[in-house]
Amino acid sequence: MGVNQRAAVPMSMDEIAQFLDRTRVLTLATLDRAGKPHLTAMWFGHVDGVIYFETKAKSQKSVNLRRDPTITCMAEAGDTYDQLRGVSIEGTAHLIEDTDNEEYWRAAIDIYERYVGPYSPEVRPFVETMMNKRIVIRVDQTRFRSWDHRKLGLPPMPLSGSTAGA
């Protein structure tokens, strides 16, 4: 009988946090009116183990989440099987639309710092402009799935195939 590789590859919660802290893009899945997945690549915040997105208040993902708050997001890295690693987070979306809410600004500032640079009171007007007509989505996680194929101890695999030079 074969070895259960799935049992060997999960990340610990610390490993998940470190991975998310280094990840720049998550794929976000919401459900459209027909119940089909609507996927988008998103910049995100990661504050105290919680995932946040910011998006236009009238975006399709916002419309979808108001109708059905089911949400899944995923990040993955690695170009060869022996290097694949990633995290999938299932949960319920909590929309934060009140711009006076402290959590709204904490998430907005974290996203700004991840993709633009250090926050200071001098850049507050820029962050306010960035957040104009936007909401914050908090992912209330119900399940994590993770994998890190580096834990399998496989020999290095060459990057090959028709997409290797792309």
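Q: What covers the buried residues of H2?
A: The cover includes E1, E2, E4, E5, E6 and E7. This is a predicted model: local features need pLDDT of at least 70, side-chain atom pairs count only at pLDDT 80 or more, and totals for chains, interfaces and linings use all residues. Residues are numbered from 1 along each chain as its sequence is written, and side-chain values use heavy atoms, with hydrogens and water left out.

Q: And which residues of H2 are buried?
A: In helix H2 (residues 60-67) they are Lys61, Ser62, Asn64 and Leu65. Buried means under 20% relative accessible area, exposed over 50%, and partly exposed in between (1.4 Å probe, protein chains only). Seen down the axis of H2, these buried residues fall within an arc of 160°, so they line one face of the helix. The arc is that of the directions from the helix axis to the C-beta atoms.

Q: How does H2 run relative to E1?
A: At about 50°. H2 lies across E1, E2, E4, E5, E6 and E7. Axes are lines fitted to C-alpha atoms, for helices over the stretch in contact, and angles run from 0 to 180 degrees between N-to-C directions.

Q: Back up a bit. How many helices and strands are there?
A: Four helices and seven strands. From the N terminus on, they run α-β-β-β-β-α-β-β-α-α-β. Helices (H or I, at least four residues) and strands (E, at least two) are DSSP runs, numbered from the N terminus.

Q: What order do the strands take in the sheet?
A: E2-E1-E5-E6-E7-E4-E3, in an open sheet of seven strands with antiparallel pairing. Two strands pair if DSSP finds at least two bridges between them. E2 and strand E3 (45-47) are the edge strands, and each pairs on one side only. Neighbouring strands are turned by 30° against each other on average, direction ignored.

Q: How many bridges between E1 and E5?
A: Three, again antiparallel. Leu28 has Cys73 in E5 as its bridge partner.

Q: What about E3 and E4, how many bridges there?
A: Three, in the antiparallel sense. Gly45 stands opposite Tyr52 in E4.

Q: Now H1. Which of its residues are buried?
A: Ile16, Phe19 and Leu20. Seen down the axis of H1, they fall within an arc of 95°, so they line one face of the helix. The face turned away from that buried side carries the exposed residues Asp14 and Arg22.

Q: On to the inside. How many residues are in the largest nonpolar core?
A: 23. Those with the most contacts inside this core are Leu20, Leu26, Ile51, Phe53, Ile71, Ile89 and Ile137. A nonpolar core is a set of buried Ala, Val, Leu, Ile, Met, Phe, Trp, Tyr and Cys residues joined through side-chain atoms within 4.5 Å.

Q: Which element gives the most to this core?
A: E6, with four residues. Other contributors of two or more residues include helix H1 (13-22), strand E4 (50-56) and helix H3 (102-115).

Q: What does Phe53 contact?
A: Leaving aside neighbours within four places in sequence, the list includes Leu26, Leu28, Trp43, Ile71, Ile111 and Ile137. Contact means heavy atoms within 4.5 Å.

Q: You named Ile111. Buried or exposed?
A: Ile111 is buried, with a relative accessible area of 2%. Its place is in helix H3. Not counting residues up to four places away in sequence, Ile111 touches Phe44, Gly45, Tyr52, Phe53 and Glu54.

Q: Where is Arg134?
A: In strand E7. Its side chain is joined to that of Glu54 by a polar contact of 2.3 Å. A polar contact is a pair of N or O atoms within 3.5 Å; within protein, one must be able to donate a hydrogen and the other to accept it, and residues adjacent in sequence count only if both atoms are side-chain atoms. Setting aside neighbours within four places in sequence, Arg134 also contacts Thr55, Lys56, Ala57 and Tyr104.

Q: Last one. What share of the protein is buried?
A: Buried residues make up 39% of the 166 residues.
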